[in-house]
Amino acid sequence: MGENGEGIKKLATSLSKAIKKARKVEIKVTALENPDTSAKLLAESIAEQLENRASFRTVQKRAIQKAMRAGVKGIKTQVSGRLAGADMARAEGYSKGVVPLHTLRSDVEYHLAEAHTTYGILGVKV
């Protein structure tokens, strides 16, 4: 974003040039109150750590602890693929708290991210 939103202004001007129309491009930025409650950010952080060769077990457990401290009622994570460079692909997941998957009324957030490692692609579900 930069100071006084300079990065946003640059992005808006480059977008308006790319569109090549007389319309004004308006970008609104909203800050998250607690980024540890966002499934998208948690999944992407797990994927990034896996790309940096961190252990998939400790990365998942840390993400679960972070989310539970942030006030989430429940969380479920899963990493699948060639875990630890094994020849046979498998999936390993951890969960904590309550995750009501069969209820439409509850607010369940889901995101899928990919970690591109030297052994192949690992899928991360949060």
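**Salt bridges and a β-hairpin in close-up**

In this predicted model, the count of salt bridges comes to 4.

View 1. The side chains of Glu-44 and Lys-40 meet in a salt bridge with an N to O distance of 2.8 Å, and both residues lie in helix α2 (residues 39-51), where they are 4 residues apart, about one turn of the helix. Glu-44 is partly exposed, with a relative accessible area of 33%, and Lys-40 likewise counts as partly exposed, at 39% relative accessibility.

**View 2. The salt bridge of Asp-87 and Arg-82**. The side chains of Asp-87 and Arg-82 meet at 3.8 Å, N to O. Asp-87 is exposed, its relative accessible area being 76%, whereas Arg-82 counts as partly exposed at 31%.

**View 3. A network of salt bridges that links Arg-57, Arg-90 and Glu-92**. Glu-92 counts as buried because its relative accessibility of 17% falls under 20%, while Arg-90 is partly exposed, with a relative accessible area of 34%.

**View 4. The hairpin of strands β3 and β4**. Strand β3 (residues 112-116) and strand β4 (residues 121-125) pair in the antiparallel sense over 5 bridges, and the bridge partner of His-116 in β4 is Ile-121. Between the strands of this hairpin there are 4 residues, and Gly-120 takes a positive phi near 140°. The covered face of β3 carries Ala-113 and Ala-115, whereas Leu-112, Glu-114 and His-116 belong to the uncovered face.

Technical notes: Residues numbered from 1 in each chain as written. Predicted model: local features only at pLDDT ≥ 70, side-chain atom pairs only at ≥ 80, totals over all residues. Heavy atoms only, no water. Buried < 20%, exposed > 50% of the residue type's maximum accessible area, 1.4 Å probe, protein only. Helix = DSSP H or I, 4+ residues; strand = E, 2+ residues; numbered from the N terminus. Pairing = 2+ DSSP bridges.
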